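Welcome, and thanks for taking a look at this one. Please have the structure open while you read the points below.

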Amino acid sequence: MPPAHLVDPARPQPPGGSGSPGRRGRPVRSVLPVLVLPVLLAGCASDGPDAPPTGSPSDPAPAAVDSARDGLAALAAAARDRHLTARYTLTGTGGPTREITVTSANDGSWRVDVPGGALGGTADVALTATRDGLFQCGLPSAGRPEPASCVRLGDRDDTVPHRLDPRVQHPFTDWLEVLTDRRTALSVSTATTPPGVPGTCYAVESTSASLNPPLDVGIYCYQPDGTPTFVRAALGTLTLAGPPGPAPDTVPLAGPVVPGEPLGRESVSSAEPSPGTS
């Protein structure tokens with residue numbers, strides 16, 4: 001090997017040269033891996049798939065559900081403030097088509113007339129709520145030919161007992177409050193509007209396993225001003241029969257208030273126990 005001062009630096013050095021750990025001098029370290037690694041990493045980052053977007057494809061669904069719930073709540077709130085006189089046809093209850101009359105007065109009192117709403121369908125009744133309380137009024141009909149008279153059931157906001165309840169008044173009274181309460185366990189979605197029914201319809205389901213749900217699941221339809229136009233639920237199908245009329249200032253009772261028992265839904269013969277039974 002020639003002396004160190006005669007070594008050509010441009011010529012490759014044999015193993016064990018000045019870069020060898022066994023000789024003095026600073027070892028030669030390769031910088032190629034250090035330079036290449038960031039480039040490779042950058043290439044991987046640019047060539048690889050894009051980062052997944054935040055959220056999930058199903059994110060719009062809850063937004064749509066919230067929109068439907070908000071839309072129904074707004075219409076139900078308008079219905080609570082809507083004062084009118086309107087007629088509805090009631091079908092799907094196993095009997096003949098009946099005409100229900102709904103009156104919501106300007107002072108907040110209300111009345112719902114239900115033909116065949118008592119005594120097994122033979123007696124007509126009217127449920128009325130005024131500042132003096134909640135009343136059931138028996139109307140002259142085939143099963144009750146007497147003049148109209150009323151029995152007080154309780155305070156204005158009390159619940160009609162189940163044995164007396166014709167149920168068709170609920171979509172116009174207490175169920176409106178349920179539909180406006182976002183804390184109620186309900187699932188709401190838009191529904192197809194039945195032919196000939198004006199307004200917007202929503203399908204309402206209960207998400208609670210309660211034995212006494214706050215309202216009937218079904219289809220509820222309203223016009224933009226809050227007029228109920230269609231209800232399909234366990235109580236039957238209610239359809240607006242014509243343009244609503246103006247509301248009175250208050251709703252009078254159909255007759256005088258008398259002591260006694262209100263008229264039950266069942267006929268007298270079916271309500272009375274047969275001989276020999278308790």
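A polar contact here is a pair of N or O atoms within 3.5 Å, where one must be able to donate a hydrogen and the other to accept it. By that rule, the side chains of Gln169 and Asp165 are joined at 2.9 Å. Do keep in mind that this is a predicted model. The briefing starts with the sheet, then turns to the core, the disulfides and one loop.

- Strands of a sheet pair through backbone hydrogen bonds, either parallel or antiparallel.
- How many bridges join strand 3 to strand 4? There are six between strand 3 (residues 110–118) and strand 4 (residues 123–130), and the two strands run antiparallel.
- If you want a residue pair to look at, Val114 has Val125 in strand 4 as its bridge partner.

**The nonpolar core**

- The largest nonpolar core contains 42 residues, and those with the most contacts inside it are Tyr88, Ile100, Leu179, Tyr220, Tyr222 and Leu238.
- Helix 2 (residues 60–80) supplies the largest share of this core, with five residues.
- Tyr220 is worth a click: leaving aside residues up to four places away in sequence, its contacts include Trp175, Leu179, Tyr202, Phe230 and Val231.
- Cys201 is also among the residues that Tyr220 touches, and this cysteine returns in the next group.

**The disulfides**

- The structure holds two disulfides, and with bonded cysteines counted along the chain they follow the pattern 1-2, 3-4.
- One of them joins Cys137 to Cys150, with an S to S distance of 2.0 Å. This link is right-handed, with 100 degrees about the S-S bond.
- Cys137 belongs to strand 5 (residues 133–139) and Cys150 to strand 6, so the bond ties together parts that are 13 residues apart in sequence. Both Cys137 and Cys150 are buried.
- Another disulfide joins Cys201 to Cys221, also with S to S at 2.0 Å. The torsion about its S-S bond is about 110 degrees, so the disulfide of Cys201 and Cys221 is right-handed.
- This pair links distant parts of the chain, with Cys201 in strand 8 (residues 200–206) and Cys221 in strand 9 (residues 218–222), 20 residues apart. Both Cys201 and Cys221 are buried.

**The loop with Val160 and Gln169**

- Val160 sits in the loop between strand 6 (149–154) and helix 3 (174–180), and Gln169 lies in the loop between strand 6 and helix 3 as well.
- Is Val160 buried or exposed? Val160 counts as buried because its relative accessibility is 7%, which falls under the 20% cut-off.
- Beyond residues up to four places away in sequence, Val160 touches Leu127, Leu134, Leu153, Asp165 and Gln169.
- The C-alpha atoms of Val160 and Phe135 are separated by 9.1 Å, with the two residues 25 apart along the chain.
- Gln169 is buried too, with a relative accessible area of 2%.
- Besides its polar contact of 2.9 Å with the side chain of Asp165, the side chain of Gln169 makes a polar contact with the side chain of His170 at 3.4 Å.

Definitions and conventions. Residues are numbered from 1 along each chain as its sequence is written. This is a predicted model: local features need pLDDT of at least 70, side-chain atom pairs count only at pLDDT 80 or more; totals for chains, interfaces and linings use all residues. Side-chain values use heavy atoms; hydrogens and water are left out. Helices (H or I, at least four residues) and strands (E, at least two) are DSSP runs, numbered from the N terminus. Buried means under 20% relative accessible area, exposed over 50%, partly exposed in between (1.4 Å probe, protein chains only). Contact means heavy atoms within 4.5 Å. A nonpolar core is a set of buried Ala, Val, Leu, Ile, Met, Phe, Trp, Tyr and Cys residues joined through side-chain atoms within 4.5 Å. Two strands pair if DSSP finds at least two bridges between them. A disulfide is a pair of cysteine sulfur atoms within 2.5 Å.
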